[in-house]
Amino acid sequence: QVQLVESGGGLVQAGGSLRLSCAASGRTFSPYAMGWFRQAPGKEREFVAAIRWSGGSTYTGDSVKGRFTISRDNAKNTVTLQMTGLKPEDTAVYYCAAAPPGLYFLAATSGTYKYWGQGTQVTVSS
């Protein structure tokens, strides 16, 4: 079992930056890939970014590419989402997720991930 807790959300003006963190606990010795998803009211859950256990490969959704960066520190059991150039359309609840090893890693597919955090609210004002 893995428990995930997000932090760092809040209110920011358009063009600003935020850094979200996800702290993992439990069976963190397993080589989980990690991802970030977001969901705005009335919209489908959207893939944001993902990172392999090694940190050597990252994936970013088209809507945030060039603005958001995902990273991880396995020694500290944390994953970070650095968000810059924030836009009002980035407003959403952001969720951290963990994916166990599999034959394929479908980074942008929510079903890939077994464990989810409770989410942290990000609000970008215009």
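Is Leu-103 buried or exposed? In this predicted model, Leu-103 is exposed, because its relative accessible area is 76% and the term applies over 50%.

**View 1. A nonpolar patch on the surface includes Leu-103.** Leu-103 belongs to the loop that runs between strand E9 (92-99) and strand E10 (115-116). Together with Tyr-104 and Leu-106, Leu-103 forms a nonpolar surface patch with about 420 Å² of accessible area.

**View 2. The largest nonpolar core has 27 residues.** The members that touch the most others are Met-34, Trp-36, Leu-81, Met-83 and Tyr-94. Among the elements that give two or more residues to this core are strand E1 (2-7), strand E4 (33-39) and strand E8 (78-83). Strand E9 contributes the most, with four residues. Apart from this core lies another, of nine residues, including Phe-37, Ala-97, Ala-99 and Tyr-113.

**View 3. Tyr-32 and Tyr-115 form an edge-to-face aromatic pair.** Their ring centres lie 5.8 Å apart, with 85° between the planes. Tyr-32 is in the loop between E3 and E4 and Tyr-115 is in strand E10, so the pair ties together parts that are 83 residues apart in sequence. Both Tyr-32 and Tyr-115 are buried.

**View 4. Tyr-113 and Trp-116 form an edge-to-face pair.** The ring centres are 6.0 Å apart and the planes stand at 70°, so the pair counts as edge-to-face. Tyr-113 is buried, with a relative accessible area of 5%, whereas Trp-116 is partly exposed at 27%. Ring pairs link Tyr-113 and Trp-116 into a cluster with Phe-37, Phe-47, Tyr-59 and Phe-105.

How values were computed: Residues numbered from 1 in each chain as written. Predicted model: local features only at pLDDT ≥ 70, side-chain atom pairs only at ≥ 80, totals over all residues. Heavy atoms only, no water. Patch = residues over 30% accessible without salt bridge, like charges linked within 9 Å, V, L, I, M, F, W, Y side chains within 5 Å. Areas by Shrake-Rupley, 256 points an atom, 1.4 Å probe, with all protein chains shown as cover. Salt bridge = Lys/Arg side-chain N within 4 Å of Asp/Glu carboxyl O. Buried < 20%, exposed > 50% of the residue type's maximum accessible area, 1.4 Å probe, protein only. Core = buried A, V, L, I, M, F, W, Y, C linked by side-chain atoms within 4.5 Å. Phe/Tyr/Trp six-rings, centres within 6.5 Å; stacked < 30°, edge-to-face > 60°.
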